[in-house]
Amino acid sequence: VLTVTADGKSKKQNIFTVKKRNAKNKFKIQEWKKKKFPNNQVNSYERCMDASGCYKTTMKDKGKDGMCCDNGEGGYVVTFNGVTIMDTLADSSFDGKFSKSGKFGQC
């Protein structure tokens with residue numbers, strides 16, 4: 001589950017992807033891509049994925065400032081099988097950055 005607290009420019013600037021690791025241990029298989037998050041809103045999105053896979057999640061910000069600052073406070077939370085994988089709202093780890101990544105699943 002992806003829960004996004006969008007800042008004022010998320011619709012144009014933010015892109016979320018999940019890629020699955022292939023047989024060569026490279027994250028090349030795109031499983032999910034989501035963009036155009038409604039500005040200044042909180043929304044949740046779900047996608048079913050194989051629990052035995054190894055995945056890498058990435059949120060990119062074309063504005064290169066994360067989901068914060070002059071555009072309002074924002075961030076996102078990723079959960080997989082009920083476990084929180086990443087919570088940039090709690091640790092402000094997506095403030096002032098171009099991208100934020102994390103791995104989850106059977107890695």
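Visitor: How should I read the burial of a residue here, and is Y45 buried or exposed?

Guide: In general, a residue is called buried under 20% relative accessible area, exposed over 50%, and partly exposed in between, using a 1.4 Å probe and protein chains only. Y45 is buried, since its relative accessible area is 16%. Before going on, please note that this is a predicted model, in which local features need pLDDT of at least 70 and side-chain atom pairs count only at pLDDT 80 or more, while totals for chains, interfaces and linings use all residues. Residues are numbered from 1 along each chain as its sequence is written, and side-chain values use heavy atoms, with hydrogens and water left out.

Visitor: Which residues touch the most other members of the largest nonpolar core?

Guide: A nonpolar core is a set of buried Ala, Val, Leu, Ile, Met, Phe, Trp, Tyr and Cys residues joined through side-chain atoms within 4.5 Å. The largest one has 18 residues, and those touching the most other members are L2, V4, F16, F37, M59 and Y76. Two or more residues come from each of the strands β1 (2-5), β2, β5 and β6 (75-80), and β6 gives the most, with three. As for the names, strands (E, at least two residues) and helices (H or I, at least four) are DSSP runs numbered from the N terminus. Not counting residues up to four places away in sequence, Y76 touches, among others, L2, V4, M59, F94 and K100.

Visitor: In what order do the strands of the sheet with β1 and β6 lie?

Guide: Two strands pair if DSSP finds at least two bridges between them. Four strands form this open, antiparallel sheet, and their order is β4-β1-β6-β7. β4 (42-45) and β7 (83-87) each have a single partner strand, so one side of each is left without a neighbour in the sheet. On average, neighbouring strands are turned by 15° against each other, direction ignored, where axes are lines fitted to C-alpha atoms (for helices over the stretch in contact) and angles run from 0 to 180 degrees between N-to-C directions. Inside the sheet, β1 joins β6 through four bridges, with L2 having V78 as its bridge partner in β6. β1 also pairs with β4 over four bridges, where T5 has V42 as its partner. Four bridges likewise link β6 and β7, and F80 is partnered there by V83.

Visitor: Where is T79 placed, and which residues is it in contact with?

Guide: T79 lies in strand β6 and is partly exposed, with a relative accessible area of 23%. Leaving aside neighbours within four places in sequence, T79 is in contact with V1, T84 and I85. T79 and T3 stand 76 residues apart in sequence but 8.6 Å apart in space, taken from C-alpha to C-alpha.

Visitor: Which strands form the sheet that contains β5?

Guide: This open sheet has four strands in the order β3-β2-β5-β8, paired antiparallel, and its edge strands are β3 and β8 (99-105). β2 (residues 14-21) and β3 (residues 27-35) pair over seven bridges, with K35 in β3 as the bridge partner of I15. The hairpin of β2 and β3 has five residues between the strands, and N25 takes a positive phi near 65° there. Seven bridges also join β5 to β8, where M59 stands opposite K100.

Visitor: With which side chain does the side chain of T58 make a polar contact?

Guide: A polar contact is a pair of N or O atoms within 3.5 Å; within protein, one must be able to donate a hydrogen and the other to accept it, and residues adjacent in sequence count only if both atoms are side-chain atoms. T58, found in strand β5 (residues 54-61), makes such a contact with the side chain of S101, at 3.0 Å. T58 is buried, with a relative accessible area of 11%.

How values were computed. Contact means heavy atoms within 4.5 Å.
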